[in-house]
Amino acid sequence: MAGVVDTIISWIFWPPLFQLVIAPGLVAALAIVIFILWFERKTAARVQMRVGPYNVSPRLGGALQLIADLIRYSFQEPIIPKTVDTAAFILAPLAMLVISVVPTAAIPVSPLPWTWPIPMEHSLLVALALTTLSPVFLVAAGWASNNKFSVIGSTREAFMVTAYELVFIISLLAVAAPVHSYNLVEIVEAQAGWRMFAILNPLAFLAAFIAILMSTSGFPFEIPESEHEVVAGPFTEYSGLLYGIDMGAAYIKRYVMSVLLTIAFLGGWKPLDPQPGAGLLAGYIAPLVVVLVKATIVMAVMSFFRAVYGRYRLDQAVDLAWRVILPMALAGYALGLIYGYLGVI
Amino acid sequence: MPPRPSRRRVPPYGFLAAVKGNLGAIAVGLKYFLDPNRFTLHYPREYIRLKPGYRGFIVLNKAKCIMCESCARICPAAAMKMVRFQAPDPRRPGKMKLYKYPVINYQRCIFCGYCVDVCPTEALRHVPAHDVVYYNLEEMDLNLEQFQVEPKSPAEVEGGIPVRYVFDPERGLVKVPEKGQAGGG
Amino acid sequence: MSSPGELKLSGWEVGETRKLPGMDVKKIGKDLYEIFIGPQHPGSGHMRIIVRLDGDVMVEVDPDLGYVHRTMEKLAEGRSFIKVIPLVERMAILDACNITLPYVEAVEKLMDIEPPERAKYLRVLLCEINRIASHLYGMGIFGVFLGHSTMYMWPFGDREVFVELAERLTGARLTHSYPVPGGVRRDVPEGFTDDLRKAVRYMRKRLEEYRKIFLDNPVIRARLEGVGVIPRNLAIELGIVGPNLRASGVEYDVRMVEPYEAYGELDFEVPVFEEGDALARAWVRVEEIKQSLRILEQVADKLDKMPREGFMHDKFWAKAPKLYKDVYSREGRVKLMPLFANLKVPAGKAFARAEAGRGEIVYYVESEGKFTPYRVRVVSPSFRNAIVFKYIAPGHRLMDLPAIYGSIDYFPPEADR
Ligand code: SF4
Ligand code: SF4
C-alpha cells in the first residue's frame, strides 16, 4: 500500500510533469491568476470608492466571483463568426495559453538537482527564449479574426513586441554577468541576504518590471486591447470560453514572467536554503511556495498600477521603451558587467 | 464684483515634475487603498430612506379629489388619465352622478411631479419609494383602487436596512444606517 | 474578361466607383484603412465616427451625428408650454437646469414677466450644481477614455454629492424640471445651505487629488499635451462654445457677456486658457468647477440672508389659495396654479441663451398666442462642438481620438436633440 502511495507521489512530483502542469506551471498559475484578478478588482475598487466583487460569497469578500465568471464563460456560447479563419481562430488562444506556461519548465524553484525538469546549465536563456513565443499567437488570433479592430490590435501588439522584448532580455542578462553563469540556480544562490539583484541593480530590475507590464498589457501600457479605439483589440471577435482563455493567457504570461523576475532579481527561494539531503517538503515544496509568494507580490504591485495610471499612446510607449527604458536596461547591464569584472558577488 | 475673465496657462512640466507626478499619483492611490472612501449602497440589503419631498411614486387620496382634471391636463407624458363612471350620487338619493378620477400609467410617468404640484387640494402625493417593480407592463397601468394604495419599496418589504446619506466635508457623502425609525420618512 | 461578381482591382483610381452585384464600391484612398467607430462601440458614445487611417494616423475623421435624434423641436410644437420643459430636459439630463433655463426665460420674455429675486438665486444654485455635476461627468468619461479607471470612478462618485444636493433641492436626482415660467418649483429645504457648504469644502479637497492622480500624472500629461489643439482663430471660425472655446483663449461665457438671472451680482472669474489643447480643456473644467464652488458659497450666504419668499412671480402666486401657501411654508414646495396646465403665452418671438455645462445653449421660441408654441428652436452646445472632430482629429494617431473626444466633452444626446 505504502508503495503505491509512494509511486503516485513520485509520479505527481516527477519534475517535468509537476513543474509544468502543477506548480509553478498551469494549476498554480491559474490559482494565482484568479487571486490576482480578484485582488486587482478589489484594489481598484478600494481606490475608486467602490466595493468591487462582493455578492458572490460576501464572507470571502467576493473571492469566488472569478470562479463564477469562469463558469459563466464556460457556459457562454462561443460564437465563431463565419468570416474568421476557424482553425487559427480557435487554436491561437489555446496555443497562447500553453506557450505562456512553457517557460516554467526552465525555471528552477529549488537548488536541488532532482527537482529540475531540465538541466539548468543555460536555463536563463531557455526561459527567456520561451517567453518570447506567445505574442506570435496573439497576433495570429487578431489576424484570424478578420476584423478591423482585431487587426489594429494585433498590429499594436507587434509594435509593442519591438518595445519590450529587447528590454526584457537585456535587463535579465544583467544578472547573468556578475554571476558568470546563465544558470538560474547559481543566480539565486548568489543573492544571499539583502544582496538581491533588485537592490544591487535597480536599473535592470525596473527595466525588467516595466517590460513585463508592457508585454502583458499592464497599465500604463494596456495598448493592444485599448477598449476605446479597438474594442478588445485582438480579442474583439472572441466570446465565451475562448475569450476567457485569451484574457487569462495574458495574466498567465505575466505570472510566468514575474516568477522569472523573482528568481533573477528577488532572490528566488531565499531566505530558504534547502540542503542536498532535504526531502520533498523542505527541498521542493517550501522553496516553491516562497517563490510563488514573491511572484504574487510582484503581480500585486503591477495590479495596483491599474488604479493609478491611464494608458500611454502606442508611439509614446514605444518611444519610452527605446529612449528611456532601453538605455536604462543597458546601463543595468553595464552595471552587471562592472559587478562581474570587480567580482562583487 | 461682476464676472470677469482670468487668463491662465497650464502649469509647465519638466522631468522633475514628472517624477513628482508619478510619486504623487501613486501616493494618492495608496492613500485611498489604505483608507478607502466608499459609500456603495448594498441594495436590497440596504435601501435609502428617501427624504420628504422626494418625487417618488404617487398615490391618490380619493376623498380629497375634486375631479378638476388639472393633473391629467398638466401631465407632460400623458401618464395621468381620468377614468369616468356613473355611480349613485350620495347627496341626491336615487340620482346617478358622473365621477371622474385620475389614474396613472407608470409605463409613461416620468416623475416630474407636475400633477402633485398642480393638484389644488393635495389629493395627490408622492410616497417615499422609487424602486417599485412590476412583473409585466399591464400591471404598470394602475386602476383607481391600485392608485390609492401606497406602494412599498421591495427592499423595505424584504427587511432591508434603511440608510441615509449625510454630507461630510472630509468624505463627501457618508452612509449612516437609520435605526428604529419606522414609517416613511 | 472577369465575371460580374468579381471586383477588378487593377488600375483602380482613388475616387473611382466600380460595380459589385448589388453595390457600388468606391476607392476612398490609396492605402487607407476605414474604420467605423460606433454607434455601438465602447469609445464612441451614441454616434458614429468614420475614421480613415493611413497607418496609425488619422487622415479623415467624419462625425456622423443623429443616432439619438428624437425630434424634440417638432414634439415641442404639439405640447403646451410647460410640458416642453421635461421634454427638452432630456437633451442632457445631467445638466437639466442649465438646459431648460433659457427655454423658461424665453417663455418669460414672451409673457413679459420676470422671476423674483430669490427665484433667480435658486436657479443659479441649481445651475451651478448641474454645471459641476456635468463637468464631473465629462471628466469621468475623459478619464476612462484614457484608460484611467480611477478618474472614471472618482468624478462619478463625487458627482453623487452634487446629485444628492440637487435631489434634496428638487426631489429628483436628474430630471429636475426645476425652473418654470415665473419662478422655481421648490425652495431650499431645512439645513440645505449647510450641506452645500460641506459639499463645497469636500470638493475643493478632492480637486487637489484629481490634480495629483490625473492632471499631473505623467501618463496623462503625455497623452494630452499638444493633442487636439484648436487654435484661437479656428475655434472662433467653427463657432465652438463653452469650455472648449475658453481653453483656446477666447473670453466668452454667456454668464459674463450677458449675465442672466443673478449672475451679474455674483463674484466669480471665467477661467480662460491659452493653449487650446486637450490638457487645457481638462484644466478649464477643473478651474470652472472651482469657480462654481465659489458661486455656490455666495449663493448659500445670500439665500440664508434673504427672507423665504419670492420664489414665484406674483402673476402665479398672488391669487394662490391658502392651502398653497401652507404647503409652501410647511414643505418649501411651490404648488403650481392650475392655469399652468393651459398656459396661454402671448404671441411673439423670444430668444434666450445661457451657459450650460458644455457651452452656450440658445433657444428661440415663437408663440402664436395659443396653448402650444409655434416653434421651439434649440441650438445646443454639443451640436456646435461636434464639428471639431473633423478639423482637429486628422493628423493625430488613432489612439488620440479618445483623448480628443473626451476633451471635447461631446455629448451625443444633447447634440442630436
Ligand atoms: S409625475 Fe409627471 S409624468 Fe407622472 S403622472 Fe404626474 S405629471 Fe404625469
Ligand atoms: S388635480 Fe387633484 S383634485 Fe384635480 S382631479 Fe387631479 S387629483 Fe383630483
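Which residues come nearest to ligand 1? I started there and found B:C75, B:C109, B:C112, B:G113 and B:C115 nearest, out of 13 residues around the ligand. I'm counting a residue as near when one of its heavy atoms lies within 4 Å of the molecule.

Ground rules for myself: this is a predicted model, local features need pLDDT of at least 70, side-chain atom pairs count only at pLDDT 80 or more, and totals for chains, interfaces and linings use all residues. Residues are numbered from 1 along each chain as its sequence is written, chains are lettered from A and ligands numbered from 1 in the order in which they are written, and side-chain values use heavy atoms, with hydrogens and water left out.

Back to the ligands. The shell around ligand 1 has 12 nonpolar residues, one polar and no charged. My classes: Ala, Val, Leu, Ile, Met, Phe, Trp, Tyr, Cys and Pro are nonpolar, Asp, Glu, Lys and Arg are charged, and the others, Gly among them, are polar. For ligand 2, I get 15 residues around it, with B:C65, B:C68, B:E69, B:C71 and B:C119 coming nearest. That shell splits into 12 nonpolar, two polar and one charged.

Most residues other than glycine have a negative phi, and most peptide bonds are trans. I noted B:F111 with a positive phi, near 55°, in the loop between β5 (96-104) and α3 (114-118) of chain B. I also noted a cis peptide bond joining B:Y43 and B:P44, omega about 5°. B:P44 is in the loop between α1 (15-34) and β2 (46-48) of chain B. Helices (H or I, at least four residues) and strands (E, at least two) are DSSP runs, numbered from the N terminus.

Then I moved to chain C and looked at a helix pair. α11 (residues 278-305) and α16 (residues 400-408) of chain C pack at about 30°, axes 9 Å apart. α11(C) and α16(C) are therefore roughly parallel, a label I use for angles under 35 degrees. On α11(C) the contact uses C:A278, C:R281 and C:R285, and on α16(C) C:A403, C:S407 and C:I408; contact means heavy atoms within 4.5 Å. By class I get three nonpolar, one polar and two charged residues there.

Last, the domains of chain C. The assignment gives domain 1 (4-64) and domain 2 (112-343 + 402-416), with bounds from an automatic or database assignment. Their C-alpha centres lie 40 Å apart, and seven residues of domain 1 are in contact with six of domain 2.

Methods:
Axes fitted to C-alpha atoms, helices over the stretch in contact; angles between N-to-C directions. Parallel < 35°, antiparallel > 145°, perpendicular 65-115°, else oblique.
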